[in-house]
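Subject: Structure for your review

Dear colleague,

Please find the structure below, followed by an account of what was found in it.

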Amino acid sequence: MGRIVGQIAKGLGITLLFAVVTLCLAVTIVPLFLDQIYYRGPVSRHYDGARFFNPDGEIGLPVPPGSNPRGFVARWLTGQDDRPAWPDAVAVKPSRPPAFAAPRGMVATWVGHATVLVQAAGLNILTDPIWSDHAGPFPPLGPKRVAQPGVRFDDLPKIDLILVSHNHYDHMDIPTLKRLWERDRPKIVTSLGNDAILKANGIPSTALDWGQSVSGAALRGLGDDTVIQCENYEHCPDYRVHVLRSHHWSSRWNTDRSRALWSSFVVETRAGNIFFVGDTGAGDMAWPEEAARLGPIRLAMIPIGAFRFYPGQMQSDAHIGPEQAVQVFEKLRASTAIPIHWGTFRLSYEKWGTPPRMLELALRCEGIERKRFAPLRAGQSILVPGYAPVPRGTKHCDRRAIAALE
């Protein structure tokens, strides 16, 4: 009898222990998937008092016409959608950027995905920095990097300014941002709500609404209109960041969808204006013109990848493809552009090399020189030419070649 009681007690003990462990895990994990509020503020043309939205139309699931959305998403998540093969790894030769660009110079280095190091007038800027091997909440789950960063983290120069476009894991990489903050104490500018996520991880930032701007002087705690005079332009805060509209969405845990805002940026520097949109769909295609009104854009960083979620698709509501990227380039009236958001993490259906090949064909369709919007290798740098209007040559559009790309 005593033995039976002992076994029952042991069984109850194990059950109780299992319950306690389960409860502890639930307390730790479950809240991460519950809805979280990152921002509270007045209703606006893109905020309904609870969530942000695109005033030019909402984002729909990128499913083939007539298909079952749930079944399609399940096949896409499990890789059972007959997508073209991607390489397991891409050869990358990391570069070592200089400490600064010349006072009127501008150098841009594609690190990979939406991460670009722009060095302009002694200012070192990073866009959506990610050095992690996986883009997701639970590494090693989530998209895995196939191309290592084009600049080793320890080879980065001191960073002055970071732009964070939105809170998706391939754009807001907390481990990388923490390393950068701890090393360099850079100024971080983002859009509304994202600052709450960064603050929860010990990372200070400045969050602005669409149409707002902040000067480098103000970010340093000086008056917004303070006249900045630097003996040299190394780390000189003589710049202004404008937060502008894009057409996208946000989420870290699914149920927190659109609790934080997404954005594009224009950075005014002594070397010229820089445009960055980490991720965007076409929307009404009026937002690039809004950026162009701030003055000539010497360098633009425009996404060309993750646009295809079923065969033949040329864009999705949330992601432009190469053809739309060329339209954005034209509407920006930019002088030079770098294609980003391709070839680093597999996020969609198209083949690894499709975005740059399609971009080249799309540029021919508009008679634009390839060098104005040429793909870079991870780690490759370009000396950005001074601003000059883009000349138009003879248009040659091979629609069959574009359609044949996987």
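I159 is buried, with a relative accessible area of 0%; buried here means under 20% relative accessible area, exposed means over 50%, and partly exposed lies in between, with a 1.4 Å probe and protein chains only. Please note that this is a predicted model, in which local features need pLDDT of at least 70 and side-chain atom pairs count only at pLDDT 80 or more, whereas totals for chains, interfaces and linings use all residues. Residues are numbered from 1 along each chain as its sequence is written, and side-chain values use heavy atoms, with hydrogens and water left out.

**Surroundings of I159**

I159 belongs to the loop between strand 3 (123–127) and strand 4 (161–163). Helices (H or I, at least four residues) and strands (E, at least two) are DSSP runs, numbered from the N terminus. Which residues is I159 in contact with, leaving aside its neighbours within four places in sequence? They are L117, N124, L126, L180, R183, D184 and P186, where contact means heavy atoms within 4.5 Å. I159 and L117 are 42 residues apart in sequence, and their C-alpha atoms are 9.0 Å apart in space.

**Strand 1 and its partners**

L117 in strand 2 stands opposite T109. Strand 1 (residues 106–112) and strand 2 (residues 115–120) run antiparallel and are joined by 6 bridges; two strands pair if DSSP finds at least two bridges between them. The two strands form a hairpin with 2 residues between them, and H113 in the turn has a positive phi of about 55 degrees. Strand 1 is also joined to strand 13 (residues 381–383), antiparallel to it, by 3 bridges. In that pairing, A108 has I382 as its bridge partner. Because 7 of the 7 residues of strand 1 are buried, this strand is largely enclosed by the rest of the structure.

**Nonpolar cores**

A nonpolar core is a set of buried Ala, Val, Leu, Ile, Met, Phe, Trp, Tyr and Cys residues joined through side-chain atoms within 4.5 Å. The largest nonpolar core has 65 residues, of which V189 and I302 touch the most other members. Not counting residues up to four places away in sequence, I302 touches I320, A325, V328, F329, L332, A337, I338, P339, I340 and F373. Another core, of 23 residues, lies apart from the largest one and includes L117, V151, L180 and W253.

**Helix 7**

Why is helix 7 (residues 322–332) largely enclosed by the rest of the structure? The reason is that 8 of its 11 residues are buried. These buried residues are P322, E323, Q324, A325, V326, V328, F329 and L332. They pack against strand 10 (272–277), helix 6 (287–292), strand 11 (297–303), strand 12 (336–340), helix 8 (354–365) and helix 9 (399–404). R333 follows helix 7 and has a positive phi, near 55 degrees.

**Pocket and cavities**

Rolling a probe the size of a water molecule over the atoms shows where empty space is left. On a 1 Å grid over the protein atoms alone, a cavity is a set of points where a 1.4 Å probe fits but cannot get out, while a pocket is an open set with protein on both sides within 12 Å along at least five of seven lines; lining residues have an atom within 4 Å of a point. Grid points are joined across faces, edges and corners, and a volume is the space filled by probe spheres set on the points.

The second largest pocket holds about 390 Å³ of space. Its lining consists of 21 residues, of which Y169, I174, N201, R252 and W253 lie nearest its centre. Helix 3 (174–184) and helix 4 (194–200) are the elements that give two or more residues to this lining, and helix 4 gives the most, with 3 residues.

There are 2 cavities of 30 Å³ or more in the structure. The largest cavity has a volume of about 70 Å³, and A306, H341, W342, G343 and F345 lie nearest its centre among the 13 lining residues. The second largest cavity holds about 30 Å³ of space and is lined by A120, A121, L123, Y233, C236, D238 and R270.

**The chain as a whole**

The protein chain has 9 helices and 13 strands. Of its 406 residues, 52% are buried.

With kind regards
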